[in-house]
Amino acid sequence: LVAAVESGEPALVGLLKKAGAALSGKQATGALKAACGRGDLKMVSLLLDEGADVTAPTELAAALEGVGSFRTSESAAILRALRDRGARFNDPRCQEAIQALLLSACRLGELESLKLLLEEAGVDASPVLAEAMKLATQRNQKEVVAYLKKMGATKPDPLASVRELMGRAGSMSVSKEVAEKLNLAGRRFGVFSFDWASLSKVEK
């Protein structure tokens, strides 16, 4: 069944059904995940029409994992199709899959899918909002970054890693040359205000 779905030929799925293939259960879960991952809205709709159940947490989680696999033009439409067949994107039993999909949408620049999940489905993004902003910023997804800012997210500090390094370095024994370089970098970026050269741990 999964192979038939991946072929993109609805007729093959119909033949399998006539031959006795069950479009529910474990096989149907894998088939629906494959159809969602391919961005094949027609195949997703066919499987839903034939009994694929997205009200159960396991099946819904698999479908969401498929949607988040790749960026396709049909991602938001597929999410709407799942929702119209009873999928609850705010189901706490699917929280892990839903949060993974949110992060994937931010990474891939799926603004429409992101809006659907947060605005139409009422998904709580607060647990992953900071990580979502980080991913969108790293991938230069400007529209997603702007949207997340409206939702209350703040852009990550580009010097956070530098600040952390400087904080750790203050407790280490360093050579005079390293201390001078750290001091220069610190002044340049405004990461710290003390003078490395005055530290007692600087080797003479």
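Reader: Which side chain meets Arg93 in a salt bridge?

Author: The model is predicted. In this model, a nitrogen of Arg93 and an oxygen of its partner lie 2.9 Å apart. A salt bridge requires a distance within 4 Å, so the pair at 2.9 Å qualifies. The partner is Asp91.

Reader: Is Asp91 buried or exposed?

Author: The relative accessible area of Asp91 is 4%. Buried means under 20% relative accessible area, so Asp91, at 4%, falls in that class. Arg93, in contrast, has 57% relative accessibility and counts as exposed. Asp91 is buried.

Reader: How many residues apart are Glu112 and Arg80, which form a salt bridge?

Author: The closest N and O atoms of Glu112 and Arg80 are 3.2 Å apart. Glu112 belongs to helix α8 (residues 111–120), while Arg80 belongs to helix α6 (residues 75–84). The pair thus links distant parts of the chain, and the separation is 32 residues.

Reader: How many helices does the chain contain?

Author: From the N terminus on, the elements run α-α-α-α-α-α-α-α-α-α-α-α. The chain has zero strands, and its helices number twelve.

Notes
Residues are numbered from 1 along each chain as its sequence is written. This is a predicted model: local features need pLDDT of at least 70, side-chain atom pairs count only at pLDDT 80 or more; totals for chains, interfaces and linings use all residues. Side-chain values use heavy atoms; hydrogens and water are left out. Helices (H or I, at least four residues) and strands (E, at least two) are DSSP runs, numbered from the N terminus. Buried means under 20% relative accessible area, exposed over 50%, partly exposed in between (1.4 Å probe, protein chains only).
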